[in-house]
Amino acid sequence: MILKDNFGRSIDYIRISVTDRCNLRCVYCMPDTIKSGCQQDGKIDIGSILTYEEIVRFVEVASTLGIKKVRLTGGEPLVRNALNELIRGIKAISGIEELTLTTNGQLLATMAAQLAEAGLDRVNISLDSLMPHRYSEITKGGDFNKVMAGIRAAEAAGLLPIKLNMVPMAGINDDEIEAFIRLGIKTGYQIRFIELMPTVVNEHLFSSGFIGSDEIKRRIESKFELVPLKLRKYGPARYFSVTSHDGPEPWAKGIIGIISAVTCRFCPQCNRLRLTADGSLRPCLYSNIEVGLFDALRNKASKEEIQNLIIKAVDLKPERHNISDGNEKKDDPPTTSGAPFIMSGVGG
Ligand code: SAM
Ligand code: SF4
């Protein structure tokens, strides 16, 4: 079975936010006012979010409709207790071919081995600076050494290839693009540069800090040779092999991704749905459209009822998002510069 939307796109990928809580407060993502979700500071209210059993049931049904890939995200997924139980449950579903996780890495050092043992295939780790002090400023308190220990633990546990997500922001960390590439060349980590997206919490930062993917690429090409790679058919990332002709590692190669979430309009290739922690299925990150699944999953609705809700969400998937980067062509539809969501709530 292949799930197709009204624009002919095949939907085979779901990103699941397991919690909207986080132990960091990245400047572009989380409002300071939202409660932290550290394991140390209390239990997450399970009454208002899906249980692991309910998430597994959802993925089981989604897999009967052709969902093959699952990414766990958040908020910070590792702040939710016993995540390996969820991983084990999802991995046991026969139609699921790939299970990955996006994390800030703060708790990864002690958890990587058990996550891998439970069946996790790969991990993306968010890291916006290689300078400990700057990293702490961007994340409002994150410990650089903990992320680095987490990355090493993930590598040792075989969660490969390691992918690092970096959001370049003008005047904040854009002077580190080259350093990230050199790190990738040296270690084999794939560096993914993600365009800053506007959300309800970062309007000012977006207007002063946004750097489009063409500019990111141009800056990289001034130092390195880039050759396009066809690694994925779908999704927002363009991948390149990157070759250094100078510096400490001449002629060494790495792989980078540039994710044009705002400018390039990857919508025609969009193959994904998002499930929020409180059980809403969102067909587009940049739209308020959602289909509630919480009651159906809590009340143990039949497979057919859950299938119908998933199909409804796919039917509602808009053709494209309408984020503005200020450079739209005249015939483009009206745009919005503010975004209708908090990233940690929807699951970035
Ligand atoms: N807490 C985990 C983490 O940080 O990796 C997972 C959730 S986080 C919302 C997922 C990804 O979204 C991270 O790589 C983060 O950098 C990215 N992200 C969050 N807000 C963003 C924004 N406004 N623009 C671009 N990327 C953003
Ligand atoms: Fe937390 Fe991830 Fe958002 Fe940073 S990007 S505040 S780590 S959810």
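The model is predicted.

**Helices α2 and α3**

- Let's start with helix α2, covering residues 83–91, and helix α3, covering residues 108–118; they pack at an angle of about 20°, and their axes are 8 Å apart.
- With that angle, α2 is roughly parallel to α3.
- The crossing of α2 past α3 is right-handed.
- On the α2 side, the contact uses Leu83, Asn84, Ile87, Arg88 and Lys91, and these meet Gln114, Leu115, Glu117 and Ala118 of α3.
- Sorted by class, the contact of α2 with α3 holds 4 nonpolar, 2 polar and 3 charged residues.

**Helices α1 and α10**

- The second pair joins helix α1 (residues 52–64) to helix α10 (residues 303–315), with an angle of about 75° and axes 9 Å apart.
- Angles of 65 to 115 degrees count as roughly perpendicular, so that word describes how α1 and α10 lie to each other.
- From α1, the residues in contact are Arg57, Phe58, Val61, Ala62 and Thr64, while α10 brings Lys303, Ile306, Gln307 and Ile310.
- By class, the contact of α1 with α10 has 5 nonpolar residues, along with 2 polar and 2 charged ones.

**Salt bridges in pairs**

- Side chains of opposite charge can pair when their charged atoms come close.
- Arg9 and Asp5 form one such salt bridge through their side chains, at 2.6 Å from N to O, and both Arg9 and Asp5 are buried.
- Another salt bridge links the side chains of Glu176 and Arg134, at 2.7 Å from N to O.
- Glu176 sits in the loop between β7 (163–166) and α6 (177–187), and Arg134 belongs to helix α4 (residues 132–139), so this pair ties together parts that are 42 residues apart in sequence.
- Both Glu176 and Arg134 are buried.
- Glu290 and Arg282 also meet in a salt bridge between their side chains, at 3.4 Å from N to O.

**A salt-bridge network**

- Salt bridges also link Asp174, Glu215, Arg218 and Arg219 into a network.

Technical notes:
Residues numbered from 1 in each chain as written. Chains lettered and ligands numbered in written order. Predicted model: local features only at pLDDT ≥ 70, side-chain atom pairs only at ≥ 80, totals over all residues. Heavy atoms only, no water. Axes fitted to C-alpha atoms, helices over the stretch in contact; angles between N-to-C directions. Helix = DSSP H or I, 4+ residues; strand = E, 2+ residues; numbered from the N terminus. Parallel < 35°, antiparallel > 145°, perpendicular 65-115°, else oblique. Left-handed = near helix turned anticlockwise from the far one by under 90°. Contact = heavy atoms within 4.5 Å. Nonpolar A, V, L, I, M, F, W, Y, C, P; charged D, E, K, R; others polar. Salt bridge = Lys/Arg side-chain N within 4 Å of Asp/Glu carboxyl O. Buried < 20%, exposed > 50% of the residue type's maximum accessible area, 1.4 Å probe, protein only.
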